[in-house]
Amino acid sequence: MANTLLRSTVFFFFSFLLATDIVYSQSFIGINYGQVADNLPPPSATAKLLQSTSIEKVRLYGADPAIIKALANTGIGIVIGAANGDIPALASDPNFAKNWVNANVAPFYPASKIILITVGNEVITSNDENLMNQLVPAIQNLQNALNSMSLGKDIKVSTVHSMAVLRQSEPPSSGMFHPNYMSVLKGLLEFNNATGSPFTINPYPYFAYRSDPRPETLAFCLFQPNAGRLDTNTNIKYMNMFDAQVDAIRSALNSMGFKNVEIVVAETGWPYKGDGDEVGPSLENAKAFNGNLIAHLRSMVGTPLMPGKSVDTYLFALYDEDLKPGPGSERAFGLFKPDLTMTYNVGLSKDGQSTPAGSKTPVTTPSSPATNPSTKAPTTPKPKAGGGSWCVPKGGVSDAQLQANLDYACGRGLDCSAIQPGGACFEPNTIASHAAYAMNLFFQNADRDPWTCDFSQTATLSSNNPSYNSCNYPGGST
């Protein structure tokens, strides 16, 4: 009994240490700061709140000077926005663009780290032909204004798109922009490519689930174990909707010859409550989506078409916006309350990052056992002989569970660079191989406590060193 209690205490102690290991900021995690509300805390309080988290970037929908000032000297990157209504004047009058920069950028930069200006929101899919045709000239005039102040290299200019810019998104490799938008997109993408500004997009797995509310779709959208969706053109099996949506955009960009244009996710999120007739909003779903998305980003696994890096992603949203019109879910995306407490915990606080309930990555080990135990056992390189103890996947574990294990292990602040492109263990580039390395790394960094080699009963200890070629698995005696 005493021995069992000791092991449990040790297990939870190490789990706590690993769960709180990522206390530093991550440049790829941002958040949207909307202001359609009458109960928001003062900007100074919000600035302190953000500094207590691992959020490194904030997107504003406008250019509120009080917020921009409050974020001065925090090191937090700031995205500011020019409204759709500003586009005609920005497009027709270069002096209006200069005055806009003089009013909204020059007084604050560089103390306030403005990194991007978004011109309009979802303009191309608004079907406002006049606005669409003025979009690129407006963006160019703002860029010229920045250049005239020697700010053009540091502050980028772009616009934000909805997923409706795509005519086709499934499978991801067939991603294609709608032909009605091609003329505007071509000019915009030429600008993005020339200036190094990003193509910013709003992918929402939540809306994908609302249009297809089956249980298997929900698991796919929440990063939970599922059978996956095979892209028959590439033979890539996608394990979550977020990667599929982002890669559909990547494919569309590539098909137009813009392989070097970077993608930024300007918005994505999940409401924690809604009206009685709404499908999908719930506290459990919101915690699972945001918590698993953050773990996925921290794992640095990337997407199948963009491996080894995480796309800059702005979560929606910092606070609820209680004055927003529409169904109840529109007013229930906030990760924090106006009193600065968490609506629910997704592990963003620097004071401690417990993993949300209902996600695939609880504090102990990744969630439920594989839902497809009949999956063929993953192939792994032939191991080297040697003494010691290593944590390896059991045979017959599904790719979905292995991906969950991989995201969990690499999302704990461990150095998973060996399985990123160019790393000694990147090849073979398979989920099974990468998960095996990550699971063992997690186990070794927990002082090889046997309780940390469980992963929802999908892992086991082995005395056979799984190292191969130049890929060396950490290991030693227990």
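**Labels and their grounds**

Reply: Of the 478 residues in the protein chain, 55% count as buried, where buried means under 20% relative accessible area, exposed over 50%, and partly exposed in between, with a 1.4 Å probe and protein chains only. The model is predicted, so local features need pLDDT of at least 70 and side-chain atom pairs count only at pLDDT 80 or more, whereas totals for chains, interfaces and linings use all residues. Residues are numbered from 1 along each chain as its sequence is written, and side-chain values use heavy atoms, with hydrogens and water left out.

Me: How many helices and strands does the protein chain have?

Reply: The secondary structure comes to 13 helices and 16 strands, the helices being DSSP runs of H or I with at least four residues and the strands runs of E with at least two, numbered from the N terminus. Among contacts between residues at least 6 apart in sequence, 72% join residues at least 24 apart, a contact being heavy atoms within 4.5 Å. The accessible surface is about 19100 Å², and 52% of that belongs to carbon and sulfur atoms; the areas come from the Shrake-Rupley method with a 1.4 Å probe, and for residues only the protein chains shown count as cover.

Me: What makes Ser299 buried or exposed, and what does Ser299 touch?

Reply: The relative accessibility of Ser299 is 3%, so the residue counts as buried. Ser299 lies in the loop between α11 and β12 (302–303). Not counting residues up to four places away in sequence, Ser299 touches Leu406, Asp407, Cys410, Gly411 and Gln420. The backbone oxygen of His296 lies 2.7 Å from a polar atom of the Ser299 side chain, while the C-alpha atoms of Ser299 and Ser310, eleven residues apart along the chain, are separated by 8.2 Å.

Me: How do you know whether Lys259 is buried or exposed?

Reply: At 60% relative accessibility, Lys259 is therefore exposed. Lys259 sits in the loop between α10 and β11 (263–268). Leaving aside neighbours within four places in sequence, Lys259 is in contact with Arg250, Leu253 and Asn254. Between Lys259 and Asn193, which are 66 residues apart in sequence, the C-alpha to C-alpha separation is 9.0 Å.

Me: What is the phi of Glu122, and why is Glu122 classed as it is for accessibility?

Reply: Glu122 has a positive phi of about 55 degrees although it is not a glycine. Its relative accessibility is 28%, so Glu122 counts as partly exposed. Glu122 lies in the loop between β4 and α6 (129–148). Asn235 likewise has a positive phi in a residue other than glycine, near 65 degrees, and lies in the loop between β9 and β10 (236–238); at 61% relative accessibility, Asn235 therefore counts as exposed.

Me: What is the omega of the cis peptide bond that joins Tyr109 and Pro110?

Reply: Omega is about 10 degrees for the cis peptide bond between Tyr109 and Pro110, and Pro110 is in the loop between α5 (94–104) and β4 (114–121). A cis peptide bond also joins Glu170 and Pro171, with omega about -10 degrees; Pro171 lies in the loop between β6 (166–168) and β7 (176–177).

Me: What lines the second largest pocket?

Reply: The second largest pocket is lined by 25 residues, of which Ser169, Glu170, Ala208, Met241 and Gln245 lie nearest its centre. The lining residues divide into twelve nonpolar, seven polar and six charged, where Ala, Val, Leu, Ile, Met, Phe, Trp, Tyr, Cys and Pro count as nonpolar, Asp, Glu, Lys and Arg as charged, and the others, Gly among them, as polar. Helix α10 gives the most to this lining, with four residues.

Key:
1 Å grid on protein atoms, 1.4 Å probe; cavity = no way out; pocket = protein on both sides within 12 Å on 5 of 7 lines; lining within 4 Å. Polar contact = N/O pair within 3.5 Å; in protein donor to acceptor, adjacent residues only side chain to side chain.
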